[in-house]
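Welcome, and please open your viewer. We will walk through this model stop by stop, selecting a few residues each time.

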Amino acid sequence: MDAAPSTAQHAAQHQPAHPVERTVITPPGRLNLPAWRALWGAREVAVRLAQRDIIVRYRQTFFGITWVIAQPLVSAGIFTIVFGQIADMSSGATPYFLFSLAGMLAWNLFNGSLGRASSSMVGNQALVQKVFFPRLLVPVSSLASVVVDFLVALVLAVALLFVYGINPGWPVLLLPVWVLLILLVGTGLGLAAAAYMVKYRDVQYVLPWLTQILLYASPVAYALSEVPQGLRWLFDINPVTWFLEAFRWSLLGTDTPVTWQVVALAVAAPLIFLAGTLVFQKNEREFADYI
């Protein structure tokens, strides 16, 4: 008769083939910062969402990528006619069309990151209700299509620089820095807007109206030097002015931006992104209830 199995053998026979993973849920900290390890672990979700946004944006479209190029071109052309010819505003030594086109590139990057991030939670409400993953990945992944649109339009702008014979010089090396800071500002505001849009759907109607006002209240279509001195202080404290002046300096070789505005942009952009992240994280647990 065979001997009875030992205690160790009996325990080994009943052990699962794969170790059981345990997820420990801890209460949020004082600042309720996102769990970076969880974000990294779910990075595949962000990649899939980004791929889907890009594919959906360009699939089954008649104009396709042509629309991405035509939009800033048409806007720059209209601004050139209205502000450059009818209003007879100056753009310095830079052709007015290129001046307004550079402004539109920076503005579209800001406005696109703000708009896509703010509407991302409502637009993915079915996914948010059914699948658990770090919700912060939804608005962050929406930036992929914004960056693709920007890069396509930037290639056209660079081609026009050769056509007009403009050499921006070494400041062009700082262009990626301004792009990153613009994305931080737009995404930070978009995260806060996304959190409140889940609760209050009025945000989706108010936000485009506010950005439309901000477009004309910022030196996108006209030079900062054309602003009356009595109103100049309003433009100087506008963060949009800060990144517009820096972006044009790097792309077109215009006048060097004021030092304090560059420093303010470098400090304010991460702070705006952090504040938007904290607002988003604070309201994250209630998203499924309101959506």
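What you see is a predicted model, in which local features need pLDDT of at least 70 and side-chain atom pairs count only at pLDDT 80 or more, while totals for chains, interfaces and linings use all residues. Residues are numbered from 1 along each chain as its sequence is written, and side-chain values use heavy atoms, with hydrogens and water left out.

**The whole protein**

Begin with a cartoon view. The protein has 14 helices and zero strands; these are DSSP runs numbered from the N terminus, helices (H or I) needing at least four residues and strands (E) at least two. Of the 291 residues, 43% are buried.

**Two salt bridges**

Next, show side chains. A salt bridge here is a side-chain nitrogen of Lys or Arg within 4 Å of a carboxyl oxygen of Asp or Glu, and the count by this rule is two.

Select Asp 149 and Arg 116: their closest N and O atoms are 3.6 Å apart, forming a salt bridge. Asp 149 belongs to helix H8 (residues 143-164) and Arg 116 to helix H5 (residues 96-123), so this pair ties together parts 33 residues apart in sequence. Is Asp 149 buried or exposed? With 11% relative accessibility, Asp 149 is buried, and Arg 116, at 25%, is partly exposed.

Now move to Arg 232 and Asp 236, whose side chains meet in a salt bridge at 3.4 Å, N to O. Both sit in helix H11 (residues 232-236), four residues apart, which means about one helical turn separates them. Arg 232 has a relative accessible area of 23% and is partly exposed, while Asp 236 is buried at 19%.

Zoom in on Ile 78, in helix H4 (residues 65-86); its relative accessible area of 46% makes it partly exposed. Ile 81 also lies in helix H4 and is partly exposed, at 44%.

**A loop residue**

Follow the chain into the loop between H4 and H5, where Asp 88 lies. Most residues other than glycine have a negative phi. What is phi of Asp 88 near? The value is near 55°, positive in a residue other than glycine. Asp 88 is exposed, with a relative accessible area of 63%.

**The second largest pocket**

For the last stop, select Ala 223, Ser 225, Glu 245, Thr 254 and Asp 255, which lie nearest the centre of the second largest pocket among its 20 lining residues. A pocket is an open set of points on a 1 Å grid over the protein atoms alone, where a 1.4 Å probe fits, with protein on both sides within 12 Å along at least five of seven lines; lining residues have an atom within 4 Å of a point.

Methods. Buried means under 20% relative accessible area, exposed over 50%, partly exposed in between (1.4 Å probe, protein chains only).
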